[in-house]
Amino acid sequence: MGSASSGAVSLGRTAGGLALAGAAALAWAAFVEVRWYTLREVTVPVLPAGQRPLRVLHLSDLHLLPGQQRKVDWVRDLASLDPHLVVDTGDNWAHLDAMPALLRALEPHLAKPGAFVWGSNDFVAPIFKNPARYLLPDARMPHHPEPVHLPWRELGARFRDAGWIDLDNRRDVVELDGRRVSLVGTNDAHLNLDRYPPAGRPDDARTGDDPVDLHLGVTHAPYRRVLDAMHDDDVDLAIAGHTHGGQLAVPGWGALVTNCDIDTRRAKGLHGWPGPRPDRAGGAGSTWLHVSAGLGTSPYAPVRFACRPEATLLTLVAG
């Protein structure tokens, strides 16, 4: 029969082991994985029969800070993928002095056709909040200090001057490799700035005499109301960011939170909306949906676990 003291020693060793494992996981999340950028490549069958593939580079949630040279260099190198279109789903920066670094990172991409929408941290720099708030159904803070306002109007002018299309609550059209692509987007739903542009107006490229080959939807935060509107609008592919893929995930399980009202199984990757993927059983009425886990974090929570920072090359092919 074991003694009480031997049981206490055993429990102490177990607690000590758990503490060491937790410390190791935190060190990995804070010093390794948060900078372990990866390119994810996804094929989406959304083009008309017989068409050549189109390459779409999806960038999201850089949350760039001054001094993040490795991230700048990595993002610049993505230009070697030679995409037909670059889609930026917002939260580009996280500091008042990040404009030079951000423009350096995006410089080769601004030479390509592109489209963008804003996220909340394009307007204001992140503020400190208790990380436990992210476990709530709505992580937004009802009362918070006055934020640092970022020069998003200047950034938007730089994007538009380079030829990128502003899709914040707008529709537009772009010619890509001989194809005519209709675009629709919204401003940030996390700040309740989304106003979905009605279909059938003159700015809807599908109402003209020239047919479109593809209809893309772009938004920062994949709230259900925005995805429902895109589904009703017959979008072929909806593209979003914001979730950070949950940022801290459980291996074998996935994300615990999404920081919006979408379900955690759609926190990142290629899915269908509102049902399964269109190529899966029960998904015949769904819209293709891609959610990026993004490349950054808030400077107040600079960790990732089981959720590497990412950009995505979406190769659109004939269905």
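Visitor: Which residues do ring pairs link into a cluster?

Guide: The structure is a predicted model, and it holds 9 aromatic pairs. Ring pairs join several residues into a cluster. The members of this cluster are Phe116, Trp118, Phe123, Trp152, Phe159 and Trp164.

Visitor: Are the rings of Trp28 and Trp36 stacked or edge-to-face?

Guide: The structure holds 9 aromatic pairs. In the pair of Trp28 and Trp36, the ring centres are 5.7 Å apart and the planes stand at 90 degrees. Planes over 60 degrees apart count as edge-to-face. The pair of Trp28 and Trp36 is therefore edge-to-face.

Visitor: Does Trp36 count as buried or partly exposed?

Guide: Buried requires under 20% relative accessible area, and exposed requires over 50%. Trp36 has 37% relative accessibility, so the residue counts as partly exposed.

Visitor: How many residues apart in sequence are the parts that Tyr37 and Trp74 tie together?

Guide: The rings of Tyr37 and Trp74 have their centres 5.6 Å apart and their planes at 45 degrees, so this pair is tilted. Both Tyr37 and Trp74 are buried. Tyr37 belongs to the loop between helix H1 (4-31) and strand S1 (38-47), whereas Trp74 belongs to helix H2 (residues 69-77), so the pair ties together parts whose separation in sequence is 37 residues.

Visitor: Which residue has its charged end over the ring of Trp36?

Guide: A charge sits over a ring only if it is within 6 Å of the ring centre and within 35 degrees of the ring normal. Over the ring of Trp36, at 3.6 Å from its centre, sits the charged end of Arg308.

Key. Residues are numbered from 1 along each chain as its sequence is written. This is a predicted model: local features need pLDDT of at least 70, side-chain atom pairs count only at pLDDT 80 or more; totals for chains, interfaces and linings use all residues. Side-chain values use heavy atoms; hydrogens and water are left out. Rings of Phe, Tyr and Trp (its six-membered ring) pair if their centres lie within 6.5 Å; planes under 30 degrees apart count as stacked, over 60 as edge-to-face and the rest as tilted. Buried means under 20% relative accessible area, exposed over 50%, partly exposed in between (1.4 Å probe, protein chains only). Helices (H or I, at least four residues) and strands (E, at least two) are DSSP runs, numbered from the N terminus.
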